[in-house]
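Please read it with the model open.

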Amino acid sequence: MATMIDPTSTPTPAAASESSANATTNATANTAASTGFSRRDFLRVSALAGGGILLASYAEPLEALQRLGTGTAPVADPMLSAYIRLTADNIVTITAKNPEIGQGIKTMLPMLIAEEFDVDWKNVRVEQADFDPTKYQAQIAGGSTATPTNWLPMRRVGAAGRAMILAAAAKEWNVPFGELETDRGVVHHRASKKQATYGALAATAATMTPPALETVPLKDPRNFRIIGKRTTTVGIRDITTGKPIFGIDVSVPGMHYATFVKAPVYAAKVASANLDVIKAQPGVTHAFVVEGTANLQGLMPGVAIVGRNWWQVQKAREKLVVQWAAHPTSQQSSAGWAAKAKEFFASPPHRTIRNDGDFDAAIKNAVKVVDAEYTYPFIAHATLEPQNCTARFNADGTCEMWTTSQTPQGGRALVASTLGIPEDKVRMHMMRAGGGFGRRLYNDPLVEAAWIAREAGVPVKLLWNRTDDLQHDMFRPGGFHKFTGGIDASGKLVAFRNHCATFGEGERFAPSAEMTPAEYPARFVPNLRMDVSVMPLGMPTGALRAPRSNALSFAFQSFIDECAAAAGKDPIQFRIDMLKAEIPPAQPYTPQQQAGLMDAQRVIGVLEMVRDVSGWGKTTLPKGTGMGVAFYFSHRGYFAEVVKATVSKAGQVTVNKVWAVGDVGSEIINPNHAEQQTQGAVLDALGQAYGQEITFTDGKADQTNFAPPTLAAGSAANFSMLRIRQVPPEVEVHWKKTDFAPTGIGEPAMPPFIPALMGAIHQATGKRVRQIPLSKVDLRWS
């Protein structure tokens, strides 16, 4: 079917009207207003040799700087945020501007442009952009933000390009613009029966004045031909055939290899090291001490070893003897933090962050009172591709880097400030990452590589080994929760208190250790108090996939399950009843507040759907098998999941099946990736539940590898990853589409899984799991 826009409303490119995206929701427009192109964005067109055209979107230089927060001085070049390159052979090349960490963004962003440009996907080629914020604005992978921030801007780039092609055809054929149609890269004029490929019109299009981006009409979603269709991942053949496309594969002329040995106790400095011995090892070209900085997310103290190849560098490392200076963090341990949390729970909290109604009075009048303590451990990101970065200093004074960073802009700033060089002297090439999960939001490997390359005077590839990766992560922090719930005679949860023992100092939480006053069931229980106590932490912490939510969901949703059981209610209906009885706020929410709140109706929608698709409550399960449920709202997405699991009498847990229902708005842009993201999130969570834990003794992380051959699985030194035999045979994914702008999927599918699994285990065994990982819980039954 040809794509045609109503000629009475379609502007010529040079005089595009104020007609808006005709089928987008108000929520969509709001998202674009906050994150997309502004009214001063515009297109610029350039002619290519051979009759092609290059379309780029620009913003005024001053506005570009304001967005980046880098100052007020204008820059020489206008901002290029995305572009299309069309050649005379009708091949369209689209640049993917964000880092690719396995989430499929290199495919999704070009799909948005190609849809509105109305070209055949088979004629689209995709190129990865280098890091260049003056051209591409924000280039980040994190927070499930790519979809909401690019949904309208990328489509507008494509729509503007299509308008220019139409204008070129109208000019060449001397026909009205409004009588033209497009169909997969071909322009048609039905009345004259003329038609031409985009490529044939590119040279003329290059002479046209581009339209204003915010005014170009967009397709009615009913006419989408690329958005919403299963689209194969760009580059999948290279990935599956082992082509060198990841950061770890980079090789530059004259490159040496580097390893960087840091203290097992964080931030401890080097007191002495046998550098002369190391320099004498075969292949070693440099060995030196790095003093480091006080930034736990920056350049740590350590010893750098540089050599001709990776094997020689690692063999030299085995002979390294370092005396590390004493450091206060060596007094910290997992056992000490657990003991401190017990002390907190027996004492008044450090502060109360929310206090609705009168919890103390309500709990006294409750018919049933439920008390429980929950705890979860520190976790490492454990990306399959260890941290790495290649750096080179060029003769022109620039530092050139090849990186898998999720935040290259932050990486450039860190490198520049640490090395004392201007940011514009740091150039970055964005390489595909073998997993991110939040680890590559932090740029410590970048600054290490840059520092070592400068000191050694040669290009270096810095590559961490697995133990480096596990013991020097930005860990998901552990936490401790003490809950009290009060049930009235009708079975309603009328009183709720949580005392969270976490990490921080004073009013400041450690990264990703915060507890927010909005955590569910806040707003849905009339008498509710959220208390917090904090303890100091010397280890760096950070975002892990679905930060905070990945841990809080286990504790809060599991305790809600306990309350439902105490009330004698079905756990799904118990949640739905609570959501329908939302407590009105003392003052109406502002529109801004409302925008960030969990929408109870959307939660009910996914809960009801997962109840229906899973056959919840309609099957009698054998002893030892159970089904559990949980929901969670995070990163703008709503997910409810049901887990069916069997526990053997010996306590072995097997997940039989998972049903996941997600509400991420009106469109699932690429169902392939959406399902993969959801299924991957479920498996990630299952791996965490089964056996993942980082423990600390005397300030040092105990775990050293996934499963070292000399250590049995379950050893304190093993960070256990999910095995293929542990994967459930089916993770069934469903979508509940709503009239909201599309949002991301990378994170919100993860939080409901673990509490749903724990609900299934409880039904199967009668045992309530209040501590993860499961490898530490006795689930035997008879």
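## Second largest cavity

Helix 15 contributes the most residues to the lining of the second largest cavity, namely three. Helices (H or I, at least four residues) and strands (E, at least two) are DSSP runs numbered from the N terminus. The model is predicted: local features need pLDDT of at least 70, side-chain atom pairs count only at pLDDT 80 or more, and totals for chains, interfaces and linings use all residues. Residues are numbered from 1 along each chain as its sequence is written, and side-chain values use heavy atoms, with hydrogens and water left out.

Seven cavities of 30 Å³ or more are present in the structure. A cavity is a set of points, on a 1 Å grid over the protein atoms alone, where a 1.4 Å probe fits but cannot get out; lining residues have an atom within 4 Å of a point. Grid points are joined across faces, edges and corners, and a volume is the space filled by probe spheres set on the points. The second largest cavity holds about 80 Å³ of space. It is lined by 13 residues, of which Tyr376, Ser512, Ala513, Ala551 and Leu552 are the closest to its centre. Strand 21 (493-505) and helix 15 (549-567) are the elements that give two or more residues to this lining. By class, the lining has six nonpolar, four polar and three charged residues (Ala, Val, Leu, Ile, Met, Phe, Trp, Tyr, Cys and Pro count as nonpolar, Asp, Glu, Lys and Arg as charged, the others, Gly among them, as polar).

Helix 15 has 19 residues and reaches 26 Å from its first C-alpha to its last, close to the 27 Å expected at 1.5 Å a residue; the expected span is 1.5 Å times one less than the number of residues. Of its 19 residues, 18 are buried, so helix 15 is largely enclosed by the rest of the structure. Buried means under 20% relative accessible area, exposed over 50%, and partly exposed in between (1.4 Å probe, protein chains only).

Helix 5 (residues 146-173) has 28 residues and should span 40 Å at 1.5 Å a residue, which agrees with the 40 Å between its end C-alpha atoms. Helix 5 bends by about 30° at leucine 152, and proline 153 follows within four residues; the bend is the angle between axes fitted to the seven residues ending there and the seven starting there. Asparagine 174 follows helix 5 and has a positive phi, near 55°.

## Aromatic pairs

The structure holds 20 aromatic pairs. Rings of Phe, Tyr and Trp (its six-membered ring) pair if their centres lie within 6.5 Å; planes under 30 degrees apart count as stacked, over 60 as edge-to-face and the rest as tilted. Tyrosine 374 and phenylalanine 483 are edge-to-face, because their ring centres are 5.8 Å apart and their planes are at 80°. Tyrosine 374 lies in strand 15 (residues 368-376) and phenylalanine 483 in strand 20 (residues 479-487), 109 residues apart. Tyrosine 374 is buried at 2% relative accessible area, and phenylalanine 483 is buried at 0%.

## Loop residue alanine 212

Alanine 212 sits in the loop between helix 6 (198-205) and helix 7 (236-240). Its relative accessibility is 29%, so alanine 212 counts as partly exposed.

How values were computed
On a 1 Å grid over the protein atoms alone, a cavity is a set of points where a 1.4 Å probe fits but cannot get out, and a pocket is an open set with protein on both sides within 12 Å along at least five of seven lines; lining residues have an atom within 4 Å of a point.
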